[in-house]
Amino acid sequence: DSLANLQAFERSDLRREHLARLGDWVEGDAAWEAMTGLEFWFSPPPGTVVPQPSRPRMALVMVAMVFTLVLVIGSAVNAVFARLPFETPYPLRLLVTIAIEVVLMTWWLMPLVTRRLARWIYPQRRTT
């Protein structure tokens, strides 16, 4: 019912006793992943032990992706809104641009880019 209760149970004697009895039936203990930033956009390759990519490399990929998307999608959104018969406020154009970028990055671009750059983003020493 709460994270604190789960953590208390995982440290309990009851759990330790049951795990000792079931040792032959399980492969290992549960592994927790603590995400500290934008790692959710980066899918680790199979066999990755540490789920967090190299921060400098992750930052470089993000800067390249965001810059490209802002340039391309921002220009396209501005061109579309310029054709409208009325003036569109800049904050609205920016909101549309950001919404398109986030959707593209979350469901298409970042999964694709991370699959292509997985060996570079996730250093070899972090895989099995």
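This is a predicted model: local features need pLDDT of at least 70, side-chain atom pairs count only at pLDDT 80 or more; totals for chains, interfaces and linings use all residues.

Trainee: How many helices and how many strands does the protein chain have?

Mentor: There are four helices and zero strands in the protein chain. Read from the N terminus, the order of elements is α-α-α-α. Of its 128 residues, 24% count as buried.

Trainee: How is the packing of two helices described?

Mentor: Two numbers are used for a packed pair: the angle between the axes and the distance between them. Here, take helix 3 (residues 55-82) and helix 4 (residues 90-121), whose axes come within 9 Å and cross at roughly 145°. The crossing of helix 3 with helix 4 is right-handed. Sorted by class, the residues in this contact are 20 nonpolar, three polar and three charged.

Trainee: What should I look for in a salt bridge?

Mentor: Side chains that carry opposite charges can pair when their charged atoms come close. In this model, a search of the whole structure turns up one salt bridge. D13 pairs with R16, and the closest N and O atoms are 2.7 Å apart.

Trainee: Why are D13 and R16 about one helical turn apart?

Mentor: Both belong to helix 2 (residues 13-21) and lie three residues apart, so about one helical turn separates them. D13 has 52% relative accessibility, so D13 counts as exposed. R16, with a relative accessible area of 46%, is partly exposed.

Trainee: Which residues form the nonpolar patch on the surface?

Mentor: The patch consists of L3, L6, F9 and L14, which together have about 360 Å² of accessible area. Helix 1 (residues 3-10) contributes the most to the patch, with three residues. Because its relative accessibility is 32%, L6 counts as partly exposed.

Trainee: Is E101 buried or exposed?

Mentor: The test is a cut-off: a residue is buried when its relative accessible area is under 20%. E101 has 6% relative accessibility and therefore counts as buried. E101 sits in helix 4. Its C-alpha is 7.4 Å from that of I73, although E101 and I73 are 28 residues apart in sequence.

Trainee: Where is T88 placed, and why is T88 called buried?

Mentor: T88 lies in the loop between helix 3 and helix 4. The relative accessible area of T88 is 5%, so T88 is buried. For T88 and N78, the separation is 10 residues in sequence and 9.3 Å in space, C-alpha to C-alpha.

Note on methods: Residues are numbered from 1 along each chain as its sequence is written. Side-chain values use heavy atoms; hydrogens and water are left out. Axes are lines fitted to C-alpha atoms, for helices over the stretch in contact, and angles run from 0 to 180 degrees between N-to-C directions. Helices (H or I, at least four residues) and strands (E, at least two) are DSSP runs, numbered from the N terminus. A crossing is left-handed if the near helix is turned anticlockwise from the far one by less than a right angle, and right-handed if clockwise. Ala, Val, Leu, Ile, Met, Phe, Trp, Tyr, Cys and Pro count as nonpolar, Asp, Glu, Lys and Arg as charged, and the others, Gly among them, as polar. Patches are made of residues with over 30% relative accessible area and no salt bridge: like charges are joined within 9 Å, nonpolar side chains (Val, Leu, Ile, Met, Phe, Trp, Tyr) within 5 Å. Accessible areas come from the Shrake-Rupley method with a 1.4 Å probe; for residues, only the protein chains shown count as cover. A salt bridge is a side-chain nitrogen of Lys or Arg within 4 Å of a carboxyl oxygen of Asp or Glu. Buried means under 20% relative accessible area, exposed over 50%, partly exposed in between (1.4 Å probe, protein chains only).
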